[in-house]
Amino acid sequence: MIAGLFRRADTRRRTIRTLHGRISDAARNPVLYGALGVPDTVEGRFEALCLHVILVLRRLGQLPPPAGDVAQDLVDAVFLQLDASLRELGIGDMGIPKRIKKLGASFYARAGAYGSALDADDIAALAAALARNVLDRDAPEAAEGLARYARACAAALAEQDLDALLGQGPRFPQPDGTAGAIG
């Protein structure tokens with residue numbers, strides 16, 4: 001069903017906008033910034049968004065076509081939002097490409113580190129990567145809760161097919177481990 005709908009440009013844009021919005025909502029959950037220690041700064045919000053996008057992209061990479069197209073459209077939407085955010089922060093036209101390139105490199109480096117740790121089910125490596133990237137600390141124990149949350153998100157996403165991801169949106173567990181889902 002989704003494959004046919006995804007071929008229509010207006011439906012495709014609307015679907016990606018909704019998917020991106022739901023991921024952004026999950027990345028804005030106050031528990032991430034309180035109990036799990038993500039800094040409530042521009043950089044911290046970027047890191048929370050990256051984590052959630054990476055988790056969804058990882059799942060999309062495990063699904064059949066047109067999941068690859070969805071993944072590319074999601075990445076494009078995220079970087080368009082980052083471009084707009086940089087402009088809102090007052091970065092001039094000349095500085096945008098350099099900053100986007102740097103953000104892209106950071107994003108893909110994080111995707112590799114988080115994906116490798118999740119694939120190996122290595123919670124210590126995941127906590128170390130999250131501590132370094134998200135918390136800007138060399139203290140993996142500080143990111144243990146965030147690593148458990150990321151692993152729970154990956155597990156929850158693994159139960160969702162493409163129709164569910166695009167229809168109802170990605171379902172993420174509550175960051176603090178309480179019952180229910182967000183997104």
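# Close-up views: pockets, helices and loops

**View 1. The second largest pocket has a lining that divides into four nonpolar, one polar and five charged residues.** Here nonpolar is Ala, Val, Leu, Ile, Met, Phe, Trp, Tyr, Cys or Pro, charged is Asp, Glu, Lys or Arg, and polar is the rest, Gly among them. This is a predicted model, with local features needing pLDDT of at least 70 and side-chain atom pairs pLDDT 80 or more, while totals for chains, interfaces and linings use all residues. Numbering starts from 1 along each chain as its sequence is written, and side-chain values use heavy atoms, leaving out hydrogens and water. A pocket is an open set of points on a 1 Å grid over the protein atoms alone where a 1.4 Å probe fits, with protein on both sides within 12 Å along at least five of seven lines; lining residues have an atom within 4 Å of a point. The second largest pocket comes out at about 200 Å³, a volume being the space filled by probe spheres set on points joined across faces, edges and corners. Its lining consists of Ala 9, Arg 12, Arg 13, Ile 16, Arg 17, His 20, Asp 73, Asp 76, Ala 77 and Leu 80. Helices are DSSP runs (H or I, at least four residues), numbered from the N terminus.

**View 2. The largest pocket holds about 860 Å³ of space.** Five helices each supply at least two lining residues: H2 (9-27), H4 (42-60), H5 (67-88), H6 (96-119) and H7 (123-133). The top contributor is H4, with seven residues. By class, the lining of this pocket has twelve nonpolar, seven polar and eleven charged residues.

**View 3. His 20 sits in helix H2 and pairs up with Gln 81 through a polar contact of 2.9 Å between side chains.** A polar contact is a pair of N or O atoms within 3.5 Å; within protein, one must be able to donate a hydrogen and the other to accept it, and residues adjacent in sequence count only if both atoms are side-chain atoms. His 20 counts as buried because its relative accessible area is 10%; the cut-offs are under 20% for buried and over 50% for exposed, with partly exposed in between (1.4 Å probe, protein chains only). Setting aside residues up to four places away in sequence, His 20 touches Leu 74, Ala 77, Val 78 and Gln 81, where contact means heavy atoms within 4.5 Å. His 20 also turns up in the lining of the second largest pocket.

**View 4. Helix H5 carries Asp 83, whose side chain makes a 2.6 Å polar contact with that of Arg 87.** Beyond four places in sequence, Asp 83 touches Ile 96 and Ile 100. Asp 83 is one of the buried residues of H5, and others include Ala 67, Val 70, Leu 74, Phe 79, Leu 82 and Leu 86. With 22 residues, H5 reaches 31 Å from first C-alpha to last, close to the 32 Å expected at 1.5 Å a residue (the span is 1.5 Å times one less than the residue count). Just after H5 comes Gly 90, with a positive phi of about 95 degrees.

**View 5. Helix H6 packs its buried residues against H4, H5, H7 and helix H8 (144-158).** Those buried residues include Ile 96, Ile 100, Leu 103, Phe 107, Arg 110 and Tyr 114. The 24 residues of H6 should span 34 Å, and the end C-alpha atoms are 34 Å apart, so the two agree.

View 6. Most residues other than glycine have a negative phi, and most peptide bonds are trans. Pro 65 and Pro 66 are joined by a cis peptide bond, omega about 10 degrees, and Pro 66 is found in the loop between H4 and H5. Asp 121, in the loop between H6 and H7, has a positive phi near 50 degrees without being a glycine. Asp 136, in the loop between H7 and H8, has a positive phi of about 55 degrees, and is exposed because its relative accessible area is 68%.

**View 7. Ala 143 lies in the loop between H7 and H8.** Ala 143 counts as buried because its relative accessibility is 0%. Leaving out residues up to four places away in sequence, Ala 143 touches Ala 127, Leu 130, Ala 131 and Leu 135. Its C-alpha is 9.3 Å from that of Ala 124, 19 residues apart along the chain.
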